[in-house]
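Please keep the sequence and the model in view while reading.

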6 protein chains.
Amino acid sequence: IRPDGRAADELRPVRITRGWTQAPEGSVLIECGGTRVLCTASFTPTVPRWRKDSGLGWVTAEYAMLPRATSERTARESVRGKVGGRTQEISRLIGRCLRGVVNMKALGDNQVQIDCDVLQADGGTRTASVTGAWVALADALRWAERKGHIKSAERALSSQVSAVSVGVIDGRPMLDLPYVEDSRAMTDMNVAMTGEGDFIEIQGTAEHRPFNRDELGTLLDLATKGNKALQVLQRRSLDAEPGQTVRSADAKEG
Amino acid sequence: IRPDGRAADELRPVRITRGWTQAPEGSVLIECGGTRVLCTASFTPTVPRWRKDSGLGWVTAEYAMLPRATSERTARESVRGKVGGRTQEISRLIGRCLRGVVNMKALGDNQVQIDCDVLQADGGTRTASVTGAWVALADALRWAERKGHIKSAERALSSQVSAVSVGVIDGRPMLDLPYVEDSRAMTDMNVAMTGEGDFIEIQGTAEHRPFNRDELGTLLDLATKGNKALQVLQRRSLDAEPGQTVRSADAKEG
Amino acid sequence: IRPDGRAADELRPVRITRGWTQAPEGSVLIECGGTRVLCTASFTPTVPRWRKDSGLGWVTAEYAMLPRATSERTARESVRGKVGGRTQEISRLIGRCLRGVVNMKALGDNQVQIDCDVLQADGGTRTASVTGAWVALADALRWAERKGHIKSAERALSSQVSAVSVGVIDGRPMLDLPYVEDSRAMTDMNVAMTGEGDFIEIQGTAEHRPFNRDELGTLLDLATKGNKALQVLQRRSLDAEPGQTVRSADAKEG
Amino acid sequence: IRPDGRAADELRPVRITRGWTQAPEGSVLIECGGTRVLCTASFTPTVPRWRKDSGLGWVTAEYAMLPRATSERTARESVRGKVGGRTQEISRLIGRCLRGVVNMKALGDNQVQIDCDVLQADGGTRTASVTGAWVALADALRWAERKGHIKSAERALSSQVSAVSVGVIDGRPMLDLPYVEDSRAMTDMNVAMTGEGDFIEIQGTAEHRPFNRDELGTLLDLATKGNKALQVLQRRSLDAEPGQTVRSADAKEG
Amino acid sequence: IRPDGRAADELRPVRITRGWTQAPEGSVLIECGGTRVLCTASFTPTVPRWRKDSGLGWVTAEYAMLPRATSERTARESVRGKVGGRTQEISRLIGRCLRGVVNMKALGDNQVQIDCDVLQADGGTRTASVTGAWVALADALRWAERKGHIKSAERALSSQVSAVSVGVIDGRPMLDLPYVEDSRAMTDMNVAMTGEGDFIEIQGTAEHRPFNRDELGTLLDLATKGNKALQVLQRRSLDAEPGQTVRSADAKEG
Amino acid sequence: IRPDGRAADELRPVRITRGWTQAPEGSVLIECGGTRVLCTASFTPTVPRWRKDSGLGWVTAEYAMLPRATSERTARESVRGKVGGRTQEISRLIGRCLRGVVNMKALGDNQVQIDCDVLQADGGTRTASVTGAWVALADALRWAERKGHIKSAERALSSQVSAVSVGVIDGRPMLDLPYVEDSRAMTDMNVAMTGEGDFIEIQGTAEHRPFNRDELGTLLDLATKGNKALQVLQRRSLDAEPGQTVRSADAKEG
């Protein structure tokens, strides 16, 4: 039995709101339980210098947390004058996941910059970022199609991508860990998958107790189930109106 | 006639939501027209080293913008490795305004750290920050009283403080400038006032056309009117339930 | 009665020396009581990249203090690796004040960089910087006219600008605060004015006790008086020979 | 057929030399094909401040490349003033892998700092770092036992850990990728395993083509085989004399 | 014949003014030809942490240039966020020279921080800094004796130290190079000597043409002559009143 | 009698290995007693921007130490975010020494970047760097000649340069100080000389006891002897095969 009463293979309530802010070409607020991330996608009709004349586009991502997203205040990285290792690691993960489903040729001489800012953190902020950022990216590509920057948003986006965390708590594999579980997890794994059910990224860490091949299998089963559910929500959100909040079936009204 | 149809002495619609995130001791989302700022107050029962053994508390503030709060994406200050001059100037302004209404002796050996993060920017972000931060500060002090860290939240907070921008557009003094007006203003002034109608801070800049004593008078009249209205909302918000959004009379449903 | 025997509306002795160093196009040592600031103006016949092709010039300013300008040694900002908030705030203030009296079209594709380095600090360093920098700027523009970079120094400089501090000490409004008064001031205000007596910048802070409309009026009267006297000196200095020190009437020989 | 003539499941020649430099408590030069990493372990009989009074030790790691370890010179991170994302990501990975096999209680109030400096890079620098660093760590713990800082090096080190890269090249899973293969890999995975054959860390990235569950299985089989061979070498190296180079069976004389 | 009409073994006019600013324990303006450096000595009755409980004092130095000390404006190191190599090299040189004549035991648990800020640069700024800083240091030690921080300023300062530049211009050894010569020098040497005529520091660089043993001899003869003259001035300055300017015999009135 | 049994005028055993790593155009491992430095020379057929269109080449150098090259671990400069004064001072010294023997015109529009990374430090790391770097530079220039980037390596390199340390220990002048002597030296001098026996750089520091003209003479005699021996080795190394280690006569097998 989990602290919040969920089954081992159950996601927390998820809510996705497109168009949460007005300026960005894509702007999505994603809420997974207590975790709340604002994902924006900024489309610019140029590519970084090193990518010039390649005919290929580029997608990059930056992740950050507000100082009081967490139960204790964290000092701002701008004030400390440098971006920490955890932040960079997550930013790179998000960028790779999204690039993994973008057709760079179809994107052409254009760049999308993803920003994932955690407004409230309760575990799984990096996976929520991937899941929300994909929706923001899709919106930005639709915008670019409407504006004539790219021919087809559909072609530029070769697949969906979502991500979810799984872990082993007291010897039991679990899906979608909130902070209270995450901090107790012996094994912690983040799994990003495409709409076809293939893996884009697997990051499993067992600093506190190694895991074997069988446990890995169970964890990947859970992650597959979770990602399928998240991808249904992503599609439902893209079909909804901007400003409308799409909720997972088991999500209570907020 | 202003682009959004307001009278010269009319505020934009204001919405204040307390308890917008759960972790901070005070957490307020303030919306002034299109400007949206998350103001959090973090209470810690210690003071900075230089303040030790003084018997006095301390209040400090940091301001920042999300990269895509603006119509063009701004590079993160954490990535650039330093906090810009504008950011520091505003952080210092917010800190001074709040300290101006705190009784440091009644606060005792405790510190409150204010964070104002602009989620969406449409002019007046620094004044919205002051106005929202005061509500978050009041909430944090109530929390501290409940927890026994301070004897009386009321004594620790000697007055209200709110702030509003005024400016001269095409020769006409105006209250509460959105971005489209702010960027055309010849004179730009931010005025922070206490609940008693006294000034805590006046910052008037006339890089584009000096102003005379008469214009100053008119601007201060407008600011006084605006601050009075904002202070009514601050008090209504503190009387409402956390999570409930308090709106100015002329604010349409969002 | 003030510690240095001045009346409430009396400036400290002021001394202005043009051509204090040889390399800069404008180089002015300004001394206001114990405060001593070296203001240099560097003219370059190019503009920053973002200003290219606008036909407009640019004026910018940087302020700094020598480590032992103050009674306690301050660590160098270069060694600490970042420019502090106070320094940035003052640099921006000086830049705005000077830009407020420059005709950018008449300046053309040229830039003037102002540097104000405080050699000795005894209160009012930012206002002394503005006052001295204007003289250095005027000298640099005359140089540019002589060299043919601009057509007319007079047209490029649309007005004078000077600045002075005022404050409320023990309830009494005072002009031109030295450090010993400044640190006790309940209200502290810096006022920059043009040669026509209009305001370029008003920065009033009342962290220690709010001030009302009447007090503001008195403070602005004092500032007006002080700025008028400073502007007489600025003009006398520009009429004098480089290297010659111009003194306020009440200034004793140094 | 691979460019260097290896079979798909064959490691490159490996050479491990303990005591390569004299100062560190553990100092290991590991060579995997053209990749050459100097791994040092610095033992200090104190723990970081945040770990004080916990009775637990700490192990941390830093990774870096010499500027000309690569075919093009890379600018120094010290000169650029910040540690890049890739460097931080790898440093964190190495630290987690080693902590995963250390008994922090048995290590007691002591810290080991691992430094992995890449002298020559030809793919797999992070996995070579993990494999070499474990040997350096073992040496440092033996030193600490001899000096009486810890009771038992054996108890402090609960298992072996080694790491190897695997990837999919042109649709074929391969073990231990040199740079020429790594840069063409569609899927790239680093797998760290304990002496018992359990996983400490799995990092699989498929930026260029997602992979499915079957491919994952094959990759993990290859990684298991590679890690077993590396762990035999680690043990042989610890049994050899310091300064002596231990070579994999198929390694030609260098 | 040199551009300024001096003989090869002649110093530029030197002027030393003690007590040029009021706050520091030692404050000296030294002018060597067009080079003008403000040297301050800050005495603090504590030592850096690493020096604690040694019974020994410490002397350290920092050198910097105002942005417009030179004919072209140099960007501030504070703004660039780091201290350049040249600045650090010179700061370290000054520190070593002064420490070379301080009796650290007699200085006791006290520190002197030297700041050398170049107000105007015309060659030889580092040697002028050493020469001026010694006078400031002597003043600070006298102050410390008066205040009872040390027993004897004379014992704490074991000797004089001064420095001068020499160089080979078009094959001819010359004493005390101004900028116009320095930039053409094939060999450039800075020589710091004690009151006894011994060497504290020799830094000779021949990036543009190596020099032989004979040339070295001639250069050291010139440096010896120059340093003797500078040391006479240092002593005359210490005998004069604060505020009084001591000039070398051949110095014209400024 | 010296701790390692050498005579006062005897070098430590020296070993030079060219081609120690494969990627750089020049790659030399130099070992002087316990000091071990990897010197690489990176040739690029472009010059820095400020050197463009001058027809002249450029040579620059960077020096660094691995964190555990020393008996105590030193924090990485990349992690501390800035390059220390000592590092910059040495980098600049190496650059000047090498530039002193390069014919920039013959080098043409090409740049060589020297990297000296200390793998193990036992005194004299900066002089070993100069000596080893010259061999790496020679190799890079030969490479450039073979590739047709320059016409003649011989013309581009106008002379040899090597460097050695000398010092006064307990009143006795000594050649080539290891760490244990260096830290006790009263006078410490680094002397770089050309193949013709002229000086490129002399840096003598006597923080702990000034030295007189006679002592200087003896020290320069020692340095001359040491540099001659080092230059024989440099030439023998260039005549040997890459990968082969050239040893000084008195060097025992390692």
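## Where chains D and A meet

The contact (heavy atoms within 4.5 Å) draws on 30 residues of chain D and 30 residues of chain A. This is a predicted model, in which local features need pLDDT of at least 70 and side-chain atom pairs count only at pLDDT 80 or more, while totals for chains, interfaces and linings use all residues. Residues are numbered from 1 along each chain as its sequence is written, chains are lettered from A in the order in which they are written, and side-chain values use heavy atoms, with hydrogens and water left out.

Between them, chain D and chain A bury about 2700 Å² (accessible area lost on being put together, 1.4 Å probe, summed over both), and 47% of this lies on carbon and sulfur atoms.

## Salt bridges across the contact

Chain D and chain A are joined by 6 salt bridges, each a side-chain nitrogen of Lys or Arg within 4 Å of a carboxyl oxygen of Asp or Glu. One of them pairs Glu89(A) with Arg92(D), whose closest N and O atoms are 2.6 Å apart.

## Cysteines

The whole structure has 0 disulfides over all chains, a disulfide being a pair of cysteine sulfur atoms within 2.5 Å. For Cys97(A), the closest cysteine sulfur, in Cys116(A), is 11 Å away and therefore too far for a bond. Cys116(B) is likewise in no disulfide, with the sulfur of Cys39(B), the nearest, 4.0 Å away.

Methods
Buried area is the accessible area (1.4 Å probe) that two parts lose on being put together, summed over both.
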